[in-house]
Amino acid sequence: MDDFQQPEETTIQTEEVAVIVKDAVDSVVGPTLQYDHSKVQHWINTIVETSMKKLTALNKPFKFIVNCLIMRRTGAGLHLASSTVWDITSDNLYLYKEESNKYLYCITTVYWTQI
């Protein structure tokens with residue numbers, strides 16, 4: 001084993017997070033879901049809570065931050081940026097953009113840092 005490689009039980013693969021987030025988003029936002037301002041907060045809460053529940057169920061020594069943005073597609077520009085300072089050998093992020101829906105944007109980001 002490489003000196004810089006950590007045991008699997010103390011790492012999280014980006015692919016694990018990708019499956020969790022995609023499943024959470026897909027359970028709420030499909031390609032035909034129309035934007036409804038009165039329901040957006042519920043959709044966001046469901047995506048974030050479902051993601052967090054499944055991430056913590058991995059039982060790995062990490063702290064998680066889950067962000068979700070839902071915005072009506074109107075032709076306006078949408079720009080996001082993040083900046084982090086962390087341990088590149090254990091901490092990471094994953095960003096998922098649901099792009100099949102023509103009525104709204106849904107962007108979910110998960111950050112994880114080792115405890």
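Author: Let us begin with a single residue. Ile65 lies in strand E1; helices (H or I, at least four residues) and strands (E, at least two) are DSSP runs, numbered from the N terminus. This is a predicted model, in which local features need pLDDT of at least 70 and side-chain atom pairs count only at pLDDT 80 or more, whereas totals for chains, interfaces and linings use all residues. Residues are numbered from 1 along each chain as its sequence is written, and side-chain values use heavy atoms, with hydrogens and water left out.

Reader: Is Ile65 buried, exposed or partly exposed?

Author: Buried means under 20% relative accessible area, exposed over 50%, and partly exposed in between (1.4 Å probe, protein chains only). Ile65 has 49% relative accessibility, so it counts as partly exposed.

Reader: Which residues does Ile65 touch?

Author: Contact means heavy atoms within 4.5 Å. Not counting residues up to four places away in sequence, Ile65 touches Met52, Thr109, Val110 and Tyr111.

Reader: How is the order of helices and strands described?

Author: The protein chain has two helices and three strands, and along the sequence they follow the pattern α-α-β-β-β. The C-alpha trace spans about 50 × 25 × 20 Å along its principal axes. Among contacts between residues at least 6 apart in sequence, 72% join residues at least 24 apart.

Reader: How do the axes of H1 and H2 cross?

Author: Axes are lines fitted to C-alpha atoms, for helices over the stretch in contact, and angles run from 0 to 180 degrees between N-to-C directions. The axes of H1 (residues 14-26) and H2 (residues 37-56) come within 9 Å and cross at roughly 150 degrees. That makes H1 roughly antiparallel to H2, a term for angles over 145 degrees, while those under 35 count as roughly parallel, 65 to 115 as roughly perpendicular and the rest as oblique.

Reader: Which residues of H1 and H2 meet?

Author: From H1, Val17, Ile20, Val21, Asp23, Ala24 and Val25 meet Ile47, Thr50, Ser51, Lys54 and Leu55 of H2. The residues of this contact divide into seven nonpolar, two polar and two charged. Here Ala, Val, Leu, Ile, Met, Phe, Trp, Tyr, Cys and Pro count as nonpolar, Asp, Glu, Lys and Arg as charged, and the others, Gly among them, as polar.

Reader: Which residues touch the most other members of the largest nonpolar core?

Author: A nonpolar core is a set of buried Ala, Val, Leu, Ile, Met, Phe, Trp, Tyr and Cys residues joined through side-chain atoms within 4.5 Å. Of the 24 residues in the largest one, Val17, Val29, Ile47, Ile70, Cys106, Val110 and Trp112 touch the most other members. H1, H2, E1 (62-72), E2 (92-98) and E3 (104-114) each supply at least two residues of this core. Leaving aside neighbours within four places in sequence, the contacts of Ile47 include Ala24, Val29, Cys68, Ile70 and Cys106.

Reader: Where is Asn59 found, and what is its phi?

Author: Most residues other than glycine have a negative phi. Asn59, in the loop between H2 and E1, has a positive phi, near 55 degrees. Asn59 is exposed, with a relative accessible area of 67%.
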